[in-house]
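Subject: Structure handover and notes

Hello,

Please find the structure below, with its sequence. My notes come after it.

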Amino acid sequence: MTALAGLKVIEIAGLAPAPFAGKVLADFGADVVRVDRSTSAMNLDVLAQNKRSIALNLKSPAGIEALIRLCEKADVVIEPFRPGVMERLGLGPDVLLKRNPRLIYARMTGFGQEGHYAKMAGHDINYLAISGVLSTLGKHDEKPAFPINILADFAGGGLMCALGILLALQERTKSGKGQVVDAAMIDGVNYLGSFVYNMNKAGALFQTPAGTGQLDGGSHFYDTYKTKDGLFMAVGAIEVEFYKLLLKGLDLDEEKDNLPEQMDSSNWPKMKALFTRIFLSKTQAEWVKIFDKTDACVTPVLDYYSMPTPAPAPRLLRTPAKAPVSNDGTDVFLEVGGESKKILAEAGFSEEEIRDLVAKKAVAGAGLEKSSL
């Protein structure tokens, strides 16, 4: 038994953040049905594991009504469009919550439902920029350095959306009512930065320009260093006791080598240069052997694409998530409309109704016309 077994989710096909929210729910046992366009031969969504697909024509009144009926039987619907799109389709929260008052209606947007940027296009880098978080990233006296699109799209977007859905489901156990979950990526990533923001306001950390502080690349004891074989080591020895072990592993001694005090930022550039030279003297494997099983907080930078397939997290020991399926990149896609007929039947559509939807070109799927007419 998985944690979310029995939960029925309708996911309107979209780009990465909303599918990730659906993936989190599916991996932990929810029955997630992705609603694809009936005219699409393929959907390049790579986050479709443990989901099923139905292909509907949402430009058809019959297709719209079919989706509404699916939502009547669902616990959650996830929509990925800009503000107003679902309303124009006749699928806004006023319509769906009226037909199913217990429905959790999750809206995944970049800039939110309202505000200056709400109706504008954007991507992870733009959401980071408007949230303010991008201004904290990068090296001193250089332009802001955006990371790969994980922070806003997936941490502040998809994962926060999944959290909002679970919170709304928990509240529903008390009220018996559904509600709208407004998951904007600018809000989510801004919230993720709470520690940095609050430490700055408290005058404790992050008081200096980006790239000059303890934790943003300014210090020598919290940075990455290139090794002799062109690989890298990550160093995060903040605490005094960990810093001493770092120096020991580097064959340095504070007194004998007349090293400056760890937190003396005026000497950080000089110490970085020293650490750079030392790390270049050995291969990554040699440094791993030196620091392995110590508290020096020194680890190798591993190649992400050489790692095993990402597994659902966190681990639930009594009701674990579904195990990830190892893949070589060829089996991550879901057949568009692969289970259209079965999904409709499960929702209470009769054979006659399904044939009518096919005739009206409101639904599509592999073999559906042949088996339903």
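Predicted model: local features only at pLDDT ≥ 70, side-chain atom pairs only at ≥ 80, totals over all residues.

Residues are numbered from 1 along each chain as its sequence is written, and side-chain values use heavy atoms, with hydrogens and water left out.

Overall layout

The protein chain has 373 residues, of which 43% are buried. Buried stands for under 20% relative accessible area, exposed for over 50%, and partly exposed for what lies in between (1.4 Å probe, protein chains only). The C-alpha trace spans about 85 × 40 × 40 Å along its principal axes. The secondary structure comes to 14 helices and ten strands; these are DSSP runs numbered from the N terminus, with helices being H or I of at least four residues and strands being E of at least two.

The domain assignment gives domain 1 as 8–193 + 310–364 and domain 2 as 222–306. Such bounds come from an automatic or database domain assignment. The centres of domain 1 and domain 2, taken over C-alpha atoms, are 43 Å apart.

Salt bridges

Side chains of opposite charge can pair when their charged atoms come close. A salt bridge is counted here when a side-chain nitrogen of Lys or Arg is within 4 Å of a carboxyl oxygen of Asp or Glu. That rule gives 18 salt bridges.

One of them is between E11 and K51, at 2.7 Å from N to O. E11 belongs to strand 1 (residues 8–12) and K51 to strand 3 (residues 51–56), so this pair ties together parts that are 40 residues apart in sequence. Both E11 and K51 are buried.

R52 pairs with E346, with 2.8 Å between the closest N and O atoms. Because R52 lies in strand 3 and E346 in helix 12 (residues 340–346), the pair ties together parts that are 294 residues apart in sequence. R52 is buried, at 12% relative accessible area, whereas E346 is partly exposed at 46%.

A salt bridge also forms between E351 and K341, whose closest N and O atoms are 3.5 Å apart. Here E351 is in helix 13 (residues 351–359) and K341 in helix 12, so the parts tied together are ten residues apart in sequence. E351 is partly exposed with a relative accessible area of 41%, and K341 is partly exposed with 25%.

Surface patches

Patches are made of residues with over 30% relative accessible area and no salt bridge; like charges are joined within 9 Å, and nonpolar side chains (Val, Leu, Ile, Met, Phe, Trp, Tyr) within 5 Å. Accessible areas come from the Shrake-Rupley method with a 1.4 Å probe, and for residues only the protein chains shown count as cover.

A nonpolar surface patch consists of I148, I150, L302, Y304, Y305 and M307, which together have about 730 Å² of accessible area. L302 sits in the loop between strand 9 (298–300) and helix 12, and is exposed at 52%.

D251, D253, E255 and D257 form a negative patch. Lys and Arg count as positive and Asp and Glu as negative, with His and the chain ends not counted. The place of a charge is NZ of Lys, CZ of Arg, CG of Asp or CD of Glu. D251 is in the loop between helix 9 (240–249) and helix 10 (268–279), and is exposed with a relative accessible area of 69%.

Backbone details

Most residues other than glycine have a negative phi, and most peptide bonds are trans. A313 and P314 are joined by a cis peptide bond, with omega about 0 degrees. P314 is in the loop between strand 9 and helix 12.

N50, which is not a glycine, has a positive phi of about 70 degrees. N50 lies in the loop between strand 2 (31–37) and strand 3, and is partly exposed at 31%. D141 also has a positive phi, near 60 degrees. The loop that holds D141 runs between helix 5 (124–131) and helix 6 (151–175), and D141 is exposed at 71%.

Regards
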